[in-house]
Amino acid sequence: MICLTSDLHHASLKTGNQQHCDISEIQCAQIYNEMLKEANVKVNYFISGKCFIEEWDDLKQICESDNVEIGGHNYDCFQHTLWHRVWNKLIDSYNGPRWYQKRDVSKTAKVLKYRTKKDLQIWRNHMYMHGKNTESVLYEAGIKICSDGVKKKSNGLIEHPSGIYNFHLNIIPDHEHLIHAERTPQWIEWWQKRYNWSDDFGAESYYIEEWTDMVLKQLEENEKNGVISNMIIHPITMYLCDNFVSFQRILDFLKTHETIWMTELLSTQGEKHE
């Protein structure tokens, strides 16, 4: 089984990808989602709350698609970075204090419910930022699964003492491992020197063709070994790299295998919210 996920961000966030793109991030997602629909592939979109305010006209058709499950991706994706850096220094939580996280989840859930008439059940923090209060805040808000972080040996839902399930990515992510947009080899070298960044797949970045080969190999291995794949692909990243040419290779694999929504795992791995 394969769980395909994608993160979508509001235009006013002005990410590096957005600044290098000739169409909006949500317009990239429209193209991407049409490809998925044609291939009958399910997808989980983690969407920032502000997207539902700023870009609903473009987002609406994605949210109403039969192949889509919607999750939260913070309200503004930590847009006021100074506050979050201060909180990280003072209380060791980039996500902010507990009251702030509760407000962030509540605002996201309310706008999602207003636009889609659906309850918020799944969540991913922007940049996988995971604080000491994350699980308990999300669980108390009625959220069932949190998909932060990368663990290549993980397999399925992991129950947290709070009651929520964590579901880690176990296929190499796209954005932070791809050379694209502002992420030139020179920029990546500077980034590595400044932050010494790496995840469970290492610190290297690749051109889209090599990265695609790696993704397909990992998917094949997981399918052979009965491991549930949890993967992330940003539509805007695929557009910027090669206008979805390499993603079509991945899609050709996905459409011949079972794809699932995250909440479908609850029926086989436990249901904590009655």
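## Charges over rings

A charge is said to sit over a ring if NZ of Lys or CZ of Arg is within 6 Å of the ring centre and within 35 degrees of the ring normal. Lys-42 meets this with Trp-261: the charged end of Lys-42 sits over the ring, 4.4 Å from its centre. Likewise, the charged end of Lys-117 sits over the ring of Tyr-114, 5.7 Å from its centre.

This is a predicted model, in which local features need pLDDT of at least 70 and side-chain atom pairs count only at pLDDT 80 or more, while totals for chains, interfaces and linings use all residues. Residues are numbered from 1 along each chain as its sequence is written, and side-chain values use heavy atoms, with hydrogens and water left out.

## Aromatic pairs

Rings of Phe, Tyr and Trp (its six-membered ring) pair if their centres lie within 6.5 Å; planes under 30 degrees apart are stacked, over 60 edge-to-face, and the rest tilted. The whole structure holds 14 aromatic pairs. One of them joins Trp-99 and Tyr-100 edge-to-face, at 5.9 Å centre to centre with 80° between the planes. Trp-99 is exposed at 53%, whereas Tyr-100 is buried at 10%.

Trp-187 and Trp-191 form a stacked pair, 5.2 Å centre to centre and 10° between the planes. Both lie in helix H8 (residues 185–195), four residues apart, about one turn of the helix. Helices (H or I, at least four residues) and strands (E, at least two) are DSSP runs, numbered from the N terminus. Trp-187 is partly exposed at 25%, and Trp-191 is partly exposed at 25%.

## Nonpolar cores

A nonpolar core is a set of buried Ala, Val, Leu, Ile, Met, Phe, Trp, Tyr and Cys residues joined through side-chain atoms within 4.5 Å. The largest has 60 residues, of which Leu-59, Trp-211, Met-231 and Phe-247 touch the most other members. Helix H2 (residues 25–39) gives the most to this core, seven residues. A second, separate core of twelve residues includes Cys-3, Leu-157, Tyr-165 and Phe-167.

## His-168

His-168 lies in the loop between strand S7 (165–166) and H8. His-168 is buried, with a relative accessible area of 11%. Its side chain reaches the backbone oxygen of Asp-148 at 3.0 Å. Contact means heavy atoms within 4.5 Å; leaving aside neighbours within four places in sequence, the contacts of His-168 include Gly-149, Lys-151 and Asn-230.

Note on methods: Buried < 20%, exposed > 50% of the residue type's maximum accessible area, 1.4 Å probe, protein only. Polar contact = N/O pair within 3.5 Å; in protein donor to acceptor, adjacent residues only side chain to side chain.
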